[in-house]
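Please look through the structure below before reading on.

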Amino acid sequence: MKLEKELIAASSVPLILSILAAGDSYGYAIIQRVKELSGGNISWTDGMLYPVLHWLEDHGQVRGRWVKSESGRRRRYYSLELRGRRALQQQKEQWKVVTSTLQQLWRPQHA
Amino acid sequence: MPNIDQLITEWRKTIPYGRGLGKERLEELETHLRETIERFLQSGMSEAEAFRTAVAQLGPSPAISSEFRKLDQRAWFPMKVIIGAEIALAVAMAALMTLRIAHKGSSLLLATHAFTVTLGYGTAFLIGALGICFVCQRCFSDFSITRQQSISRLTFMLSAFATCFTAIGIVLGMIWARAEWGRFWAWDPKETGGACVLAWLLLFTVAHRLQRTTGRAILLLSLFGNIIVSLAWFGGNLIAGLQSYGASSSVFALTFGVAVNLAFFLIGLAPAGCLRKAN
């Protein structure tokens, strides 16, 4: 089952912030983590992750820094900032409202 | 059969580099592409197939660039102030020039020389002012790639503008000096100062264009622009010469201005966020 692109777009920010809440990461690893957790159902167009990461950086929610990897190549690692933690908290509350409403509507008596 | 590096070089050419992406974003995408290719190669794909699949997975370059361009539309507040100040300076100088010609009978050539040189020098100061704002904000938080790129684009445009106007102003001044004083150039303190400002602006614009320095380095360099223009504009007044009107300059003010800019330059060398409260 592949998710619709609108839903993927809407969930990208909470997904990224939640992954970064667990520790610093970089674009490629974030995508792999999402694929792994969703069993491959959430599949981003890889390049589209970066404008979102840069938007978050520009809004002070994450901070990017270049780190040299073992291969000698530079990777840009992102870490969650205080503003990002607050945004993640808000996102969690909003998504909880959506999922709890849907769960109530989809109980057998409503179906 | 081209190898991976050649294929990636070809891929880089398909990216609209100048507008939208920029050096660091492109490097980040390339790192991602290389890591995806490596994973595909480990799974047994051929180089060409791994490259093709990784590029497809990354997505179409125009769409990625277009998403980045949307980010660039959000301007940093001091940038808006500097753009406003630049427009106000140009309008004020044009009005002053018109008044001088209409009421004081100044020659059109001399008034245009004063207008263009003042606009060129004033623009150089505005780039320096942006540099000071950059240093101040950087003490509290580092700039995102997006913001650095939009600041960098503005400083390039302003430096090109300042270079053109200063060059035109100097040429007009030379023509006027030939008619009034019988010579084009005499290394008068003001003329020497003008030549130094023009040389500085040319160097700054070319360094910017060739991207030999980072956005941070360019903005720190702009503080030296403040010093050079101050010395050229007001320092010349302190030395007796044909164009001296020393009453408007003071050694103290000039020294203070130079010291302030040097202080901001040193502050700019400190790590980003040095004054930031811990999370």
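Helices here are DSSP runs of H or I with at least four residues, and they are numbered from the N terminus. The model is a predicted one.

Begin with chain A. Chain A contains four helices and three strands. Their order along the sequence is α-β-α-α-β-β-α. The C-alpha trace of chain A spans about 60 × 30 × 20 Å along its principal axes.

Next comes the meeting of the two chains. On chain B, 27 residues are in contact with chain A, and 27 residues of chain A take part in return. The size of an interface is often given as the accessible area that is lost when the parts come together. For chain B and chain A this buried area is about 2600 Å², and carbon and sulfur atoms account for 51% of it.

Polar atoms also meet across this interface. With both residues at pLDDT 80 or more, 13 residue pairs are in polar contact between chain B and chain A. On the side of chain B that touches chain A, the elements giving two or more residues are helix 3 (23–42), helix 4 (47–58), helix 5 (61–71) and helix 8 (145–181) of chain B. Helix 3 of chain B provides the largest share of that side, with 12 residues. Sorted by class, the side of chain B that touches chain A consists of seven nonpolar, eight polar and 12 charged residues.

Some charged residues pair up as salt bridges. Over all chains the structure has 15 salt bridges, and four salt bridges are counted between chain B and chain A. One of the pairs is A:Arg73 with B:Glu38, whose closest N and O atoms are 2.8 Å apart. B:Arg147 and A:Asp58 also form a salt bridge, with an N to O distance of 3.6 Å. This pair runs between chains, from helix 8 of chain B, which holds B:Arg147, to helix 3 (residues 49–58) of chain A, which holds A:Asp58.

How many cavities of 30 Å³ or more does the rule count? The count is two. The largest cavity holds about 60 Å³ of space. Its lining includes residues from both chains, among them A:Tyr26, A:Arg75, B:Glu28 and B:His32. Two or more residues of this lining come from each of helix 2 (27–37) of chain A, strand 3 (74–80) of chain A and helix 3 of chain B. Which element gives the most to the lining of the largest cavity? Helix 3 of chain B does, with four residues. By class, the lining of the largest cavity has three nonpolar, three polar and four charged residues.

The second largest cavity holds about 40 Å³ of space. Its lining is made up of B:Ala124, B:Ile127, B:Trp200, B:Leu201, B:Phe204, B:Ser222 and B:Gly225. Helix 7 (108–138), helix 9 (189–210) and helix 10 (215–238) of chain B each give at least two residues to this lining. Helix 9 of chain B gives the most, with three residues. The lining of the second largest cavity has five nonpolar and two polar residues, with no charged residues.

To return to helix 3 of chain B: this helix gives the largest share of the side of chain B that touches chain A, and helix 3 of chain B also gives the most to the lining of the largest cavity.

Technical notes:
Residues are numbered from 1 along each chain as its sequence is written. Chains are lettered from A and ligands numbered from 1 in the order in which they are written. This is a predicted model: local features need pLDDT of at least 70, side-chain atom pairs count only at pLDDT 80 or more; totals for chains, interfaces and linings use all residues. Side-chain values use heavy atoms; hydrogens and water are left out. Contact means heavy atoms within 4.5 Å. Buried area is the accessible area (1.4 Å probe) that two parts lose on being put together, summed over both. A salt bridge is a side-chain nitrogen of Lys or Arg within 4 Å of a carboxyl oxygen of Asp or Glu. A polar contact is a pair of N or O atoms within 3.5 Å; within protein, one must be able to donate a hydrogen and the other to accept it, and residues adjacent in sequence count only if both atoms are side-chain atoms. Ala, Val, Leu, Ile, Met, Phe, Trp, Tyr, Cys and Pro count as nonpolar, Asp, Glu, Lys and Arg as charged, and the others, Gly among them, as polar. On a 1 Å grid over the protein atoms alone, a cavity is a set of points where a 1.4 Å probe fits but cannot get out, and a pocket is an open set with protein on both sides within 12 Å along at least five of seven lines; lining residues have an atom within 4 Å of a point. Grid points are joined across faces, edges and corners, and a volume is the space filled by probe spheres set on the points.
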